[in-house]
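Have the viewer open while you read.

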Amino acid sequence: MESNVGKPAGQQTEVDKPCIRECKKTGQTCCSQLKMFLVALSFAYFAKALSGTYMKSSITQIERRFDLSSSYTGLIDGGFEMGNLLFLAVVSHFGVKFHRPKLIGAGCLLMCLGSCLTGMPHFFMGRYKYETVIRTSVNVTRNTSPCLPYQNQSGGAVVPGMSSEGLNAGCEKEAGSYMWVYVFLGNALRGIGETPLMPLGISYIDDFAKAENSAFYIACLQTVSLLGPMFGFLLGSLCAKLYVDIGFVDLESVTITPRDARWVGAWWLGFLVSAVIMLFASFPFWFLPKSLPKQGEEKMELGATAEQSNVSKRMPEATNTRPLPLKLADIAKAFLPSLKKLLCTPAYFLLLCGSILKFNSFIGLVTFKPKYMEQQFGQSASKANFLIGVLNLPAVAIGIFIGGLLMKKYKLGVVAGAQLSFGTSFVSFLLLMTQFGIKCENSKVAGFTVSYTGTSQISYNEKTLLSACNSGCTCSLKQWDPVCADSGITYVSSCLAGCKETMGFGKETVFHNCSCVAFAPPPSGNISVILGQCPRKDDCRRSFIYYLAVSVIGSFISALGATPGYIVTIRCIKPELKSLAVGMQSLVTRTLGGIPAPVYFGALIDSTCLKWGSRKCGSRGACRMYNSDAYRLIYLGLISALSGSSYFFMIAVILLLRKQFKRVEKKTQDDADGHTEIEFTHMDEAELNHDMKLVDCLHEAGANPE
């Protein structure tokens, strides 16, 4: 049986007519039903975008909590796309044959379960223990030396009184802990649940909305859905401020702050919040009809239904039997021919290739943008997420909305839409290139970015942490417990700073008589240090403001071409292939972009790590400090290379569409001219016949025809 996608209301099959008649019986119009669907879909988009962006805002927290490298967290983030990959093509093709709103509702429930599963590991793990040499229970009146005797240079702290067998058992238990796998599986389940939303939702709107309203409705959908990422990043900002074990530990005993590289926020809390929101988003879809009359054709449909009813009364009962229900086998037979027809459309295939490259750069940009702001400009994860939520995302929402208005107001065609999408994207690319010059210097960390005498250097070797000033202490080279001197130099630990005395406890701990500080003494002559990494200079704050301005303007300009790009995708192919086209684009871009991009971006970012953290038994944990110059060049360079390569395909699409539409216009003009010529020929023949008859009559009358 044929699909009803893209057919006017009058051509819909009898299977869908009961839905339309039910709509009439309840007194609701097609327009109100379609708008109800638009509102419900917008809220579902909001909910799924909130949970998705919250995952990206929590990447740093998950990395630190599970002691993972960036490539592993990239794999976890790509789990969403892997889940999407499993069912996207099937749902896109088969889903349009069935009840689309109910399939979307079922997808929302799956995403709810996925979010719950992602946050569950927190409740089965022990309390978070960060690496530190600070003693929170030491009496304030007691002085201790950071150069503790029970330490070794090759591993972590050795616990007095613990046998090697007990230590090895603890290490084995830690090495066998794979709780992060549940985070991966939960993210994959969210990806499976998200499959019906975009292809079935957009095709439903485009099928039953007027052609001129379709672009505007999709723009409204995307604009409202962008509130999801905005609130997702704001939720990420709030949860990043809260300590991971809030409510279970005394916060006064926590010696680290949200700016510390060891800080882990309440990452699990946001997933539970997003699960509740997703549950509410699923409810409306169970009460919406399978299909609707085309906008503007409600009266025609009503008249056609009445006329058909009168005809049915005059026909025998046998002719009023309803068609047989759809068979899955019949639907499956049409899949491969439809897929072949879609991929053999040159414009769509080129768009697909360009989208793959563009999506790679987009995923890399969004996934590691908060981390880039942390490492390059010294911002906390909470502040980075907050600024993205209140500055970048509103600019994107406004840009998408204005792009849809431009399409509607000027009635831009496919070629004009493709040109607008390319132009805005290219201007955004040029603004991205300016970010190479917006930077901050590396933090001054003794042994890594500066020597103990204060001269600049870059070292990836932990042995450079050793110096004559700390040779009297057997310090661990694995630990990261930074302290700051008045000179602006950060030392990896108070032991490596050569400190001999300690005063206070907890966050108020101060280390005195530090021999390494004397190697590069501050103007004040103070050779004491305090907890935490030294803050960045004032010129770094100015650079950060410039970065935000360029980033926001670039986001707005790029978003102007989002809606035209969507419309070009669904208008450059045949109407019955729209749902499959949107689904295949999502499938391919996520397979070749969404899955590998976070992994190889993360692996390349890992290569810039200067100091790795350590687990309980000395194995490598999460990165504590990066070479910010190398990070910037790799991060921005990779994004620029991928985006720049995509423009070759976009230019080819524009040239191809121009050629196709010129050919169609010429053919239409030729057909019109031919039709006029035939009319003139027929008219000449009629006049000639009339004249011949007149001559014959005159001859019969004996008159001279002249």
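Here are my points on the sheet, some helices and the aromatic contacts.

1. Keep in mind that this is a predicted model. It has an open sheet of 5 strands, ordered S2-S1-S5-S4-S3, with antiparallel pairing. Strands S2 (490-491) and S3 (499-503) sit at the edges, each pairing on one side only. Further in, S1 (residues 483-485) and S5 (residues 529-531) are joined by 3 bridges, and Ala-485 stands opposite Val-529 there.

2. Have a look at helix H16 (residues 381-409). Its 29 residues reach 41 Å from first C-alpha to last, close to the expected 42 Å, yet H16 bends by about 30° at Ile-388. Just after H16, Lys-411 has a positive phi of about 50°.

3. Helix H10 (residues 227-241) has 15 residues and spans 21 Å. Its buried residues include Gly-228, Gly-232 and Gly-236, along with Met-230, Phe-233 and Leu-235.

4. On aromatics, the count is 29 pairs. Trp-267 and Phe-271 are edge-to-face, because their planes are at 70° with ring centres 6.3 Å apart. Both lie in helix H11 (residues 267-282), about one turn apart, and both are buried.

5. Phe-429 and Tyr-647 also pair edge-to-face, at 5.6 Å centre to centre and 75° between planes. Phe-429 counts as buried at 14% relative accessibility; Tyr-647 is buried at 4%.

Methods:
Residues are numbered from 1 along each chain as its sequence is written. This is a predicted model: local features need pLDDT of at least 70, side-chain atom pairs count only at pLDDT 80 or more; totals for chains, interfaces and linings use all residues. Side-chain values use heavy atoms; hydrogens and water are left out. Two strands pair if DSSP finds at least two bridges between them. Helices (H or I, at least four residues) and strands (E, at least two) are DSSP runs, numbered from the N terminus. The expected span of a helix is 1.5 Å times one less than its number of residues. The bend at a residue is the angle between axes fitted to the seven residues ending there and the seven starting there. Buried means under 20% relative accessible area, exposed over 50%, partly exposed in between (1.4 Å probe, protein chains only). Rings of Phe, Tyr and Trp (its six-membered ring) pair if their centres lie within 6.5 Å; planes under 30 degrees apart count as stacked, over 60 as edge-to-face and the rest as tilted.
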